[in-house]
Amino acid sequence: MLKEKLEQVETRIANAAARAGRQRSDITLLAVTKKFPAALIREAYQLGLREFGENYVQEFEGKRAELTDCEGSRFHLIGHLQSNKSKIAAEIFDVFQTVDTQKLARRLDAEQKPLDVMIEVKLSAEEAKAGAAPGEVPALVEVIRGCPHLRLLGLMTMPPWSDDAEPSRPYFAKLRALADANGLKQLSMGMSHDLEVAIEEGATIVRIGTALFGPRKKA
Ligand SMILES: *Cc1c(COP(=O)(O)O)cnc(C)c1O
């Protein structure tokens with residue numbers, strides 16, 4: 001089951017990369033495992049996946065303890081991080097994709113652990129969504145580059161939800177331009193429904209949940 005779905009996702013990534021004239025190896029498949037048990041992460045690991053995305057610190061804390069044998073895995077936090085949870089988060093995650101304030105960057109740096117971080121950018125006017133405004137990005141880049149324990153990889157975004165893929169394209173193009181303007185290489189963009197468009201626009205990390213694991217249970 002998971003094996004077939006993984007093959008389907010791999011085919012989609014390979015086809016999109018080929019269409020865009022890009023190498024498959026330049027694109028990381030991040031398996032988004034929120035709301036699924038540790039056993040499923042282990043199953044994905046056994047199929048060769050190594051990069052996993054989780055949204056909630058508390059939820060992942062329990063699962064992480066069951067996965068100590070999954071050597072070489074990297075766990076990405078892709079949900080909002082409250083700065084009062086940064087200590088525990090720094091213990092269980094390797095990559096923080098949702099840094100959106102200078103305060104949060106400094107909190108993570110204060111944990112004195114080498115951490116990879118990305119800046120989450122909010123490119124739409126939707127009020128509820130987290131992320132730094134594009135205008136705030138240059139100053140945040142400066143601050144993170146000045147943090148001795150943080151390594152800045154690039155930018156992450158989540159466009160407004162749509163059932164179609166094409167409406168995401170202008171947001172992905174904007175994220176890429178913003179990364180170029182700030183000398184950043186990694187672009188975390190694209191989910192199950194719009195990964196092809198994201199890869200065409202330069203995504204280096206696609207975050208895939210549903211297409212691999214099926215629908216999540218409602219909270
Ligand atoms: C849940 C989630 C995903 C995965 O979305 P799917 O549509 O299930 O592939 C990707 N990115 C973020 C930030 C998420 O919260």
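A search of the whole structure finds 0 disulfides, a disulfide being a pair of cysteine sulfur atoms within 2.5 Å.

A word on the model: it is predicted, so local features need pLDDT of at least 70 and side-chain atom pairs count only at pLDDT 80 or more, while totals for chains, interfaces and linings use all residues. Residues are numbered from 1 along each chain as its sequence is written, and side-chain values use heavy atoms, leaving out hydrogens and water.

Now to the ligand. Around it are 13 residues, and the closest are K34, N55, S192, G209 and T210; a residue is near a molecule if one of its heavy atoms lies within 4 Å of it. This shell divides into 6 nonpolar, 4 polar and 3 charged residues.

The table lists polar contacts, that is, pairs of N or O atoms within 3.5 Å.

| Side chain | Ligand atom | Distance |
|---|---|---|
| S192 | oxygen | 2.5 Å |
| N55 | oxygen | 2.7 Å |
| R207 | nitrogen | 2.9 Å |

How much of the ligand does the protein bury? Taken alone, the ligand exposes 390 Å², and the protein buries 92% of that, with areas from the Shrake-Rupley method and a 1.4 Å probe.

Technical notes
Polar contact = N/O pair within 3.5 Å; in protein donor to acceptor, adjacent residues only side chain to side chain. Nonpolar A, V, L, I, M, F, W, Y, C, P; charged D, E, K, R; others polar.
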